[in-house]
There are 2 protein chains.
Amino acid sequence: MNDHHVLSLTSTATDGAARTGRVVTARGSFATPCFMPVGTRASVRTLSAADLEALGAEIILGNTYHLMLRPGAELIAEFGGIGGFSDWHGHVLTDSGGFQIFSLEPKVTDEGARFRSTYDGSYHHLSPEGSVEVQQLLGSDIMMVLDVCPPLPSPLGVIRGAVDRSAMWATRAKAANAAARAAGSTQAQFGIVQGGIDVALRAESAERTVAIDFDGYGIGGLSVGETREEMLPALAATTAVLPADQPRYLMGVGDPRSLVEAVALGVDMFDCVLPTRLARHGTILTSQGRLNLRNARFARDPEPLEPGCACPTCARWSRAYLRHLLSVGEPTAARLTTIHNVHWLLGLMAQARSAIAAGTFDRLRAEVAEHWA
Amino acid sequence: MNDHHVLSLTSTATDGAARTGRVVTARGSFATPCFMPVGTRASVRTLSAADLEALGAEIILGNTYHLMLRPGAELIAEFGGIGGFSDWHGHVLTDSGGFQIFSLEPKVTDEGARFRSTYDGSYHHLSPEGSVEVQQLLGSDIMMVLDVCPPLPSPLGVIRGAVDRSAMWATRAKAANAAARAAGSTQAQFGIVQGGIDVALRAESAERTVAIDFDGYGIGGLSVGETREEMLPALAATTAVLPADQPRYLMGVGDPRSLVEAVALGVDMFDCVLPTRLARHGTILTSQGRLNLRNARFARDPEPLEPGCACPTCARWSRAYLRHLLSVGEPTAARLTTIHNVHWLLGLMAQARSAIAAGTFDRLRAEVAEHWA
C-alpha cells in the first residue's frame, strides 16, 4: 500500500481481468470480490448483527442520508459509530448521502445540495465537506465522496456536468478529510467515477478521479436506467483506467448476472438492496434462478427454498411453511427469506473467488448466465 | 396419572395454594407454573422455532381459528402437525377456535357456531366435534374443548347459558375424541370452566366439567372486561373445585401481577399475547415495571433494556439503538424487543417456580405487586 493510503488490495489470483484477494484495512481485512448487504438505517432490514455474523458477512453498507437525519450522526458518534451503535464488528462502508438526496429533486449548486427530509419535510444541506464530516461521525471504515449521479438516459451535457462537478467535489472532499488523515485517521476514502454510458467520459472521469488519488474507487452512475449491454462497455472503460492495485466498487449493482459480468471486468466490491428487498416480497435467489414463493405450487412443498443450501433457513424450514408465513403476513417470513437470499448472494461471491483462484471463472459466469437474465 | 389420562402433573413443592412441578406428557415434560408464548399462525410473531429454543420455551400455543383457515388443518397434518410444520420440537397447546370466533358475532346454536372468515369473508361452521377434528389434524399435545366465552359484564342469564352450553359441548367434545383415544392417541384434552365472575356459577361449572373428566382444565371467560378484583374470587372459586393432581390453565392472562396472583391460587399454565404485542409497540417488561422505549429520554441511553438481563437482546444492544430501530420502523426492533419480553416473562415464571420451592412465593408476589398495577 502506498504510505498515504490506509487500505490495500492484496490480490492472490487473477483469471483474465477478474481478480480475487483481500482488502486489508486498519480493522482487519475482507475477501474480494465481495457483496455488501445494505444496512440502510444501521440495520440490514429484518436482520441483526448476530444474523450477519452467522451469515459470514465481512462488510456491510450504511446510508449517510438516513442516518444523518435519524438518529443523527452525532448520536451515532457517541456510540462509537455505526459499528458500536449496532454492535457490528465487521467492516462498514458508508455512502455519501448523494444518491438518496438526488432522488429528492434537490436544489444543486457548486456549493452542494439543498433537500427536504423525507422524515419530516425539514430542509437540510449537504456539501462535499459536510458529507465527509457526517461520515467521520458515522465512523465507517470506508467513506465515499459526494458525487453527482444523473439518471440514465440523460443528455450528454448533463453527464458531462456531473463528471465536472463530481471531480470538483472529490477534490474538496479529499481536502476536507486531510486534517483527520494527518491526525492519524484510518478511515479510508473512495473517489467515484461518473460518465454515464459514454466510454470517453468514463475514461476521462476515471483519470481525473485517480489523479486526485483515493484509497479506492467507486464506479457510480450505472444501473440507473440503462441496459446491461449499455452498462458493461462503460464499466470496462472505467476499470481499464483504475489502478490495478486498488479496490474497485461498482455501486448499487446486485443482480447475479451483472455481478459476474462486472467481476469479469475486474470489479472487487458491490452493494445492492436486491437480495433483501426481493426476499421481503417472496422472491428467492437460487442457483436455478428466481423462485416466486407466493406461487400456489409451493403451498404443500416440503423442500427447502433451495435443496442442498446450507443456510439456517434451508436447514430447518420448508417452502410450504415459509410460503404460509409470507401469505398471512407473519414478519418471520421476511427474516427467514432474507437470511437465505443474503446467504445465497454471499455464496455466489465465494464461488466467484474460488473460481478465479482455480482459473475457472468463465464456467461460473456461463452457469450464472444460463439461469439469470 | 389415572390410566385413562395421557398426561400427569407431578408436583414437587407447594407454598400455600401455589404449586410447582412438571406436566409429564407423551412428548416429554414441561415445568409449571409456565407461560406459553402465543404462536397464532404457527409462528410466535417475529420469532422462529430457533429463537424459542434459545429462549428456553417449553410449550407454545397455536390458534385453531387462524390455522384452520390459513393454511388449513389438512395441510398442517401433512407436515406432522404444527410442530413438524414449524420445526418446533417442544410442546404445543391449541385453543378450540372459539375465542376468536365469538369475537366475530357468529350465529350460535346448540349445534355450533357459524362465522365469516376474517381472511376472505367466506362462511364456516365450527362445532365441538369439528374443533376436535381440526385439533387432531393440527397435532397439538394438548387440545381444548370448544366453549362459549361471553364478554364481561354480561347478564347472569347469558353467563348461565354459557355454562350450560359449554358443559354440553364439553361432553360432545370428549365423545368426539373417544375413538382416537381408544386407538392410542396421546393427544391430551382439557375441559374449560366458565361462569363469569359469579362464584356459585364458577363452582358449578368446575364441578360439571370435572365430572366429564378431562386430562386437565382450562379456566376461560376471565380477563374479558372485568377488574382483577372481580376476577380473583371467581378464579379462587374455580381452583378450589379443580382436582389438585391435574393441570390448571388460566386462559388469556399474561400481565405479571395477575400471573403471580393466579399462581398463588394454584394455577399452573398461562398464555397471552401481552409480551409479544407490547414488545412490538415498544413497551418493555422489566423487574421495575413497564418501560416505554419510545420515550425521548432513551434516545442516547447506552444501557440495555434491563440492566443485568441475560437475554440475547440485552447482551448486545442499547436502549438507544433499539429505540432508533423502533422509531424508523426497522422490523429488527420488534424481534429484539419481543425476545426480551418473552425472556422476561419466562424468567418471571422460573422465579415463581424457584420461590414456591423455597417457600418464599409471597415475597415474589409482593415484589411484583410493587412494580405492576
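**Figure 1. Where chain A meets chain B.** In this predicted model, 33 residues of chain A touch 34 residues of chain B. On the chain A side, four helices each put in at least two residues: α3 (73-78), α4 (81-86), α13 (319-327) and α14 (331-358). Sort the chain A side by class and you get 17 nonpolar residues, seven polar ones and nine charged ones.

**Figure 2. The axis that relates the two chains.**

**Figure 3. The nine-stranded sheet of chain B.** Here nine strands of chain B make an open sheet with parallel pairing. Reading across, the order is β4-β15-β14-β13-β12-β11-β7-β6-β5. The edges are β4 (34-36) and β5 (38-39) of chain B, and each of these pairs on one side only.

**Figure 4. Two neighbours within that sheet, β13 and β14 of chain B.** Zooming in, strand β13 (residues 216-219) and strand β14 (residues 248-250) of chain B run parallel and are joined by three bridges.

**Figure 5. α14 and α15 of chain A, packed together.** Back in chain A, α14(A) packs against helix α15 (residues 361-371) at an angle of about 145 degrees, and the two axes are 7 Å apart. The α14(A) side of the contact is made by A:Q351, A:A352, A:A355 and A:I356, which meet A:F361, A:R363 and A:L364 of α15(A). By class, the residues of this contact come out as five nonpolar, one polar and one charged. α14 (331-358) of chain A is also one of the helices that supply at least two residues to the side touching chain B.

**Figure 6. The three-stranded sheet of chain A.** This open sheet has three strands of chain A in the order β8-β9-β10, with antiparallel pairing. Its edge strands are β8 (107-108) and β10 (123-126) of chain A, each pairing on one side only. Strand β9 (residues 113-116) of chain A is held to β10(A) by four bridges, the two running antiparallel. To get your bearings, look for A:F115, which stands opposite A:H124 in β10(A).

**Figure 7. Chain A as a whole, for context.** Step back and chain A shows 15 helices and 17 strands. The radius of gyration of chain A is 20 Å, close to the 21 Å that the globule rule gives for 373 residues, so chain A is as compact as a globular protein of that length. Its C-alpha trace spans about 60 × 45 × 40 Å along the principal axes of chain A. Buried residues account for 57% of the 373 in chain A. As for contacts in chain A between residues at least 6 apart in sequence, 67% of them join residues at least 24 apart.

How values were computed:
Residues numbered from 1 in each chain as written. Chains lettered and ligands numbered in written order. Predicted model: local features only at pLDDT ≥ 70, side-chain atom pairs only at ≥ 80, totals over all residues. Contact = placed C-beta atoms within 7 Å. Nonpolar A, V, L, I, M, F, W, Y, C, P; charged D, E, K, R; others polar. Pairing = 2+ DSSP bridges. Axes fitted to C-alpha atoms, helices over the stretch in contact; angles between N-to-C directions. Rg over C-alpha atoms; globule rule 2.2 N^0.38 Å. Buried ≥ 20, exposed ≤ 12 C-beta atoms within 10 Å, placed from the backbone.
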